[in-house]
Amino acid sequence: MRPTIAEHLLGIARLLDDVVEDEGLSEASRQALADAVKQTRRLAGGADSRHEFLCWDNEASAEILVTLDVAALRTSTGELDQLADDPVERNVELRGLLAAALRSLPKDERGLESRARIQQHLRHRVDANPALNKQPRYPTEDD
Amino acid sequence: MSDVVPIHEALERFVTARLGPDAQPVVSGVQRVTTGRSRENWLFDLAWTDRGQRQTEPLIVRQDPEGGLIDTERATEFAVLQALEGSNVLAPRARWLDETGTELSKPSLVMSRSAGTCEYYCINGERPLADRVALGKRFGELLGSVHRVEWDDTVLGTLFGDPGSGAALHELDRWESILASDQLEPWPELTLAGQWLRTHAPQNDQTVLVHADFKPGNILLDENDGVTALLDWELAHLGDRHEDLGWVTQPLRRGEHLIDEAWEAEDLFAHYEKATGLTVDRDSVSWWNVFATFKTAVMQISGLRAYVEGRIDEPYQPSGAVLRELLGRVS
């Protein structure tokens, strides 16, 4: 659907660009407006790729949770079915489950392996997050 | 600015209550020095009569923000500054405190205003290399002077309590507690980091006064690059000297403190050891480097809450650089 959210936000930023140049503005108002433009552009940068990112992260997190090396801590598929359908809410719930799993993992070899898997995913998540990167990078099979 | 008049009038009432009407105090030059809602600092000049002589003093009021990255107590900073009077540390002199904000509308600390300016990136700025290295040495000595404060002769021991050998875990508990109260959503990255930090925490061998936000942005320099004051004592506490050294040498703030090949962490440590007689345990510094990144992430999460609640204007969140650094160090 056009304009996309990103296109719309960039349009708003362009409008505000003109106002920033208004010589009638006080310096404080000009600075506040310039900050607003900067934030709008930052938001536009990740707006269209956010849904894709959340779906990828949700899928990868769920996969880790149902296949944890420590069987007693695995999340069942039934439990996953109980989570929210909305990708934003589901993401919060899945990240909560990852944090809870980290707190419960034993310090033995299997616990360390599970912790390493979660850590690796979290590193990939930082690279793929459009809110944190101008050019998000999803992991490949080489990763 | 429209809010100058009320603070001006409030300040005149405030200082008159402290000095007495016979001192004929006059407040002038009231000026807000920062914008936005994350800081509230006001400069002003005070003139008054003492034993028949007219006196003047440049002062600054630091007020509790409506919401900052972290909540700190103005009263704590006031007590620290009072305790530092008479020490070798160059710090502003505390003058008065409005602890509850009943007189100045917000909890406020009035302190002396030292000459000079802060330059965040003076270490890697336009000065000649030799001058920048000299600054690095001066800052190392300044940090050493903080750690050499004889705190057990002051109120600091009562104010903060001595965490002893468990200083690292004490600080970790503190920042995990801030994380627990401020996070709006789960952060498994910080759960992971917190677990690593807890498992690898070093022992503290000597309790010192820790500044906890030591950086050129908090150091006033005069026109000859002499230090006139170390500012922002709101996070100060008793703890491990390696905490400040870890904060200063954390990779993400390298540009503020170190110079490639000319003033590296090892140069700083060697100079610090020579200036203070205190040793630097490199393994301990390494742990505190990770802690510094963890603390930065928690501060950003606190800032995120403050933004969502409308208390600040900057939409903070743990940055990619902070999360990458943290996740890369806690294996």
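**View 1. Gln317(B) sits in the loop between helix H10 (282–308) and helix H11 (320–329) of chain B.** The model is predicted. Gln317(B) has 16 C-beta neighbours inside 10 Å. That count lies between the limits of 12 or fewer for exposed and 20 or more for buried, so Gln317(B) is classed as partly exposed. Setting aside residues up to four places away in sequence, Gln317(B) touches Gln300(B) and Leu304(B). Ile301(B) is 16 residues away along the chain, yet its C-alpha atom is 5.7 Å from that of Gln317(B).

**View 2. Helix H3 (residues 129–147) of chain B packs against helix H9 (residues 265–276) of chain B.** Their axes are 9 Å apart and meet at an angle of about 50°. H3(B) and H9(B) are therefore oblique to each other. Their crossing is right-handed. From H3(B), the contact draws on Gly136(B), Lys137(B), Gly140(B), Glu141(B), Leu143(B), Gly144(B) and His147(B). H9(B) contributes Leu268(B), His271(B), Tyr272(B), Ala275(B) and Thr276(B). By residue class, the contact of H3(B) with H9(B) holds four nonpolar, six polar and two charged residues.

**View 3. Domain 1 of chain B meets domain 2 of chain B.** Domain 1 covers 4–112 of chain B, and domain 2 covers 122–329. The domain centres, taken over C-alpha atoms, are separated by 27 Å. In this pairing, 22 residues of domain 1 of chain B are in contact with 28 residues of domain 2 of chain B. The side of domain 1 that touches domain 2 is made up of 11 nonpolar, eight polar and three charged residues.

Definitions and conventions
Residues numbered from 1 in each chain as written. Chains lettered and ligands numbered in written order. Predicted model: local features only at pLDDT ≥ 70, side-chain atom pairs only at ≥ 80, totals over all residues. Domains from an automatic or database assignment. Contact = placed C-beta atoms within 7 Å. Nonpolar A, V, L, I, M, F, W, Y, C, P; charged D, E, K, R; others polar. Helix = DSSP H or I, 4+ residues; strand = E, 2+ residues; numbered from the N terminus. Axes fitted to C-alpha atoms, helices over the stretch in contact; angles between N-to-C directions. Parallel < 35°, antiparallel > 145°, perpendicular 65-115°, else oblique. Left-handed = near helix turned anticlockwise from the far one by under 90°.
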